[in-house]
Amino acid sequence: TKAMELVAASKMKKAQNQALAGRDYAQVINRVLVNLTDVSEPESHPLLEVREGDRELVVVISTDKGLCGGLNTNLMRAVSDASKEESSYVTVGRKGRGTLARGKKDLLADFPVKDPVSFSEVKPIAKFITEKFESGEYDRIKVAFTNFINTMRQEPYVATLLPIKAVQLTGKREYEGMESEDEMSEVYVPSTRSAVYTYEPGASAVLDKILPHYLNYQLYQMVLEARASEHSARMVAMKSATDNADGMIKDLTLEYNKVRQAAITGELLEITTAQMALE
């Protein structure tokens, strides 16, 4: 457990750095999209279309391995609370897939993602769910993952990925960072002045290209947050297991010494009693 704690700590640091590295980029692409939606007609784009139906697809990002405390249990509880009985699922991670399979849920696909996470591995997932949404097969796409707050705190989070709401473009994602509450509540307000960018071949054409990339990046960031949460939870769980094992060893050693001392005392009494009887 001590060795596993050290390995998890090393992976956690890498995953945390990877998750933090993209936050500035996320902020910039948000601002560009805000400007694009100001100068174009975003309601005409299929990824922004809000539908009345209830057909729902949920992407569940869990872990491949256990020994990470109640991380997966809490995530699956949040999935159960936030999804409907007839919802379909796409999984990333064996633990989530196994839980949904045992519950006889409708599993459409499972995507393995290695560690460390690469952007190219997440793109097929985004492409799959985008096609399902654009074809009209599903009216809403949600993503369930564990939000990395800090090393000691990880919270399950279910976010609506599609359709992309205009209000989402103007605010920072709740899962984007370990900033303070004041910084997390900061909202970018688009300028009321005319656009400061010139788009070629046009704002709508650029929006068509950027929105799918924005979707890919959002899903990628969610996977990074889930991985950082996994390694943090595993490190904490293994440290707790190591501390408990150390405490158990101390208690058992004390008990062993007590029994051993009692046995020695008994033998000495027997020897002394026998010697006294011979005298």
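Modeller: A definition comes first: helices (H or I, at least four residues) and strands (E, at least two) are DSSP runs, numbered from the N terminus. The model is a predicted one. With these terms, the chain has 8 helices and 5 strands, and from the N terminus on its elements follow the order α-α-β-α-β-α-β-α-β-β-α-α-α. Of its 279 residues, 41% count as buried.

The largest nonpolar core comprises 44 residues. L36, I61, I141, V143, L219 and M222 are the residues with the most contacts inside this core. At least two core residues are supplied by each of α2 (23-39), β1 (56-61), β2 (88-92), α5 (119-134), β4 (140-150), β5 (153-162) and α8 (203-278). The largest share, 14 residues, is that of α8. In soluble globular proteins, nonpolar side chains tend to be buried together.

Neighbours within four places in sequence aside, L219 is in contact with I61, V122, I125, A126, I129, V143 and L161. Another core, of 8 residues, lies apart from the largest one, and V58, M76, Y89 and A144 are among its members.

The 5 strands form an open sheet with mixed pairing, in the order β3-β2-β1-β4-β5. β3 (106-110) and β5 each have a single partner strand and stand at the edges, so one side of each is left without a neighbour in the sheet. On average, and with direction ignored, neighbouring strands of this sheet are turned by 25° against each other. The pairing of β2 with β3 is parallel and extends over 4 bridges; here V90 is placed opposite A109 in β3.

F119 and Y220 make up an edge-to-face pair, with 5.2 Å from centre to centre and 85° between the planes. This pair links distant parts of the chain, since F119 lies in helix α5 and Y220 in helix α8, 101 residues apart. As to exposure, buried means under 20% relative accessible area. Y220 is at 13% relative accessibility and therefore counts as buried, whereas F119 has a relative accessible area of 24% and is partly exposed. Both F119 and Y220 belong to one aromatic cluster, together with Y25 and Y217.

E49 is located in the loop between α2 and β1, and its relative accessible area of 38% makes E49 partly exposed. Residues up to four places away in sequence aside, E49 touches F133 and P163. E49 and R140 are 91 residues apart in sequence, yet their C-alpha atoms are 9.9 Å apart in space.

Two values describe the chain as a whole. Among contacts between residues at least 6 apart in sequence, 75% join residues at least 24 apart. As for the surface, the chain exposes about 15,700 Å², of which carbon and sulfur atoms supply 55%.

Key: Residues numbered from 1 in each chain as written. Predicted model: local features only at pLDDT ≥ 70, side-chain atom pairs only at ≥ 80, totals over all residues. Heavy atoms only, no water. Core = buried A, V, L, I, M, F, W, Y, C linked by side-chain atoms within 4.5 Å. Buried < 20%, exposed > 50% of the residue type's maximum accessible area, 1.4 Å probe, protein only. Contact = heavy atoms within 4.5 Å. Areas by Shrake-Rupley, 256 points an atom, 1.4 Å probe, with all protein chains shown as cover. Pairing = 2+ DSSP bridges. Axes fitted to C-alpha atoms, helices over the stretch in contact; angles between N-to-C directions. Phe/Tyr/Trp six-rings, centres within 6.5 Å; stacked < 30°, edge-to-face > 60°.
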